[in-house]
Amino acid sequence: TNLTMSGIAESNTRVSEFIRNIEASQWMREPRINIISRNKRSALQTNDFTVRMKQDSPNRKKNEEDEG
């Protein structure tokens with residue numbers, strides 16, 4: 001299953017941290033950042049971003065190993 005998530009972060013560092021967490025997840029794989037744009041909302045500077053990823057299952061690899 002393909003997923004798309006959009007969000008707002010304080011910095012590119014926070015977006016990178018989010019991507020690393022997705023990469024470490026057993027439930028998500030292949031994260032790709034589509035858009036990062038800097039916005040100035042009132043006194044805050046934020047980064048809007050969109051990330052695409054694939055949903056995975058921790059059992060998928062186990063089932064493939066059992067079958068193989």
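These notebook entries record what I looked up in the structure.

**Entry 1. Basis of the model**

I worked from a predicted model, in which local features need pLDDT of at least 70 and side-chain atom pairs count only at pLDDT 80 or more, while totals for chains, interfaces and linings use all residues. Residues are numbered from 1 along each chain as its sequence is written, and side-chain values use heavy atoms, with hydrogens and water left out.

**Entry 2. Overall layout**

I looked up the secondary structure and found two helices and three strands in the protein chain. Here helices (H or I, at least four residues) and strands (E, at least two) are DSSP runs, numbered from the N terminus. Along the sequence the pattern reads β-α-β-β-α.

I then looked up burial, where buried means under 20% relative accessible area, exposed over 50%, and partly exposed in between (1.4 Å probe, protein chains only). The protein chain has 68 residues, of which 19% are buried. For contacts (heavy atoms within 4.5 Å), I took those with a separation of 6 or more in the protein chain; residues 24 or more positions apart account for 61% of them.

**Entry 3. Helix 1**

The 13 residues should span 18 Å, and the end C-alpha atoms are 19 Å apart, which agrees.

Next I asked which residues of helix 1 are buried. They are Val 15, Ile 19 and Ile 22. Seen down the axis of helix 1, the buried residues fall within an arc of 60°, so they line one face of the helix; the arc is that of the directions from the helix axis to the C-beta atoms. An α-helix has 3.6 residues a turn, so residues three or four places apart point the same way. Thr 13 and Ala 24, on the other side of helix 1, are exposed.

**Entry 4. Nonpolar core**

I looked up nonpolar cores, each a set of buried Ala, Val, Leu, Ile, Met, Phe, Trp, Tyr and Cys residues joined through side-chain atoms within 4.5 Å. The largest has seven residues: Ala 9, Val 15, Ile 19, Ile 22, Phe 49, Val 51 and Met 53. At least two residues of this core come from helix 1, and at least two from strand 3 (44-55). Leaving aside residues up to four places away in sequence, Ile 19 touches Pro 31, Ile 33 and Val 51.

**Entry 5. Aromatic pair**

I searched for aromatic pairs, that is, rings of Phe, Tyr and Trp (its six-membered ring) whose centres lie within 6.5 Å; planes under 30 degrees apart count as stacked, over 60 as edge-to-face and the rest as tilted. The count comes to one. Phe 18 and Phe 49 form this tilted pair, with 5.8 Å centre to centre and 55° between the planes. It links distant parts of the chain, with Phe 18 in helix 1 and Phe 49 in strand 3, 31 residues apart. Phe 18 counts as partly exposed because its relative accessibility is 28%, whereas Phe 49 counts as buried because its value is 10%.

**Entry 6. Salt bridges**

How many salt bridges does a search of the whole structure find? It finds five, a salt bridge being a side-chain nitrogen of Lys or Arg within 4 Å of a carboxyl oxygen of Asp or Glu.

Arg 14 and Glu 17 form one of them, their closest N and O atoms being 3.7 Å apart. Both lie in helix 1, three residues apart, about one turn of the helix. Arg 14 is partly exposed at 44% relative accessible area, as is Glu 17 at 34%.

Arg 29 and Asp 56 meet in another (3.5 Å, N to O). Arg 29 lies in strand 2 (residues 28-41) and Asp 56 in the loop between strand 3 and helix 2 (58-67), so the pair ties together parts that are 27 residues apart in sequence. Asp 56 is buried, with a relative accessible area of 9%.

Glu 30 and Lys 54 also form a salt bridge, with the closest N and O atoms 3.4 Å apart. Glu 30 lies in strand 2 and Lys 54 in strand 3, so this pair ties together parts that are 24 residues apart in sequence. I noted that Arg 29, Glu 30, Lys 54 and Asp 56 are linked in a network of salt bridges.

**Entry 7. Arg 52**

I located Arg 52 in strand 3. Not counting residues up to four places away in sequence, Arg 52 touches Leu 3, Thr 4, Glu 30, Pro 31, Arg 32 and Asn 34. Arg 52 and Ser 6 are 46 residues apart in sequence and 8.9 Å apart in space, C-alpha to C-alpha.

Conventions: The expected span of a helix is 1.5 Å times one less than its number of residues.
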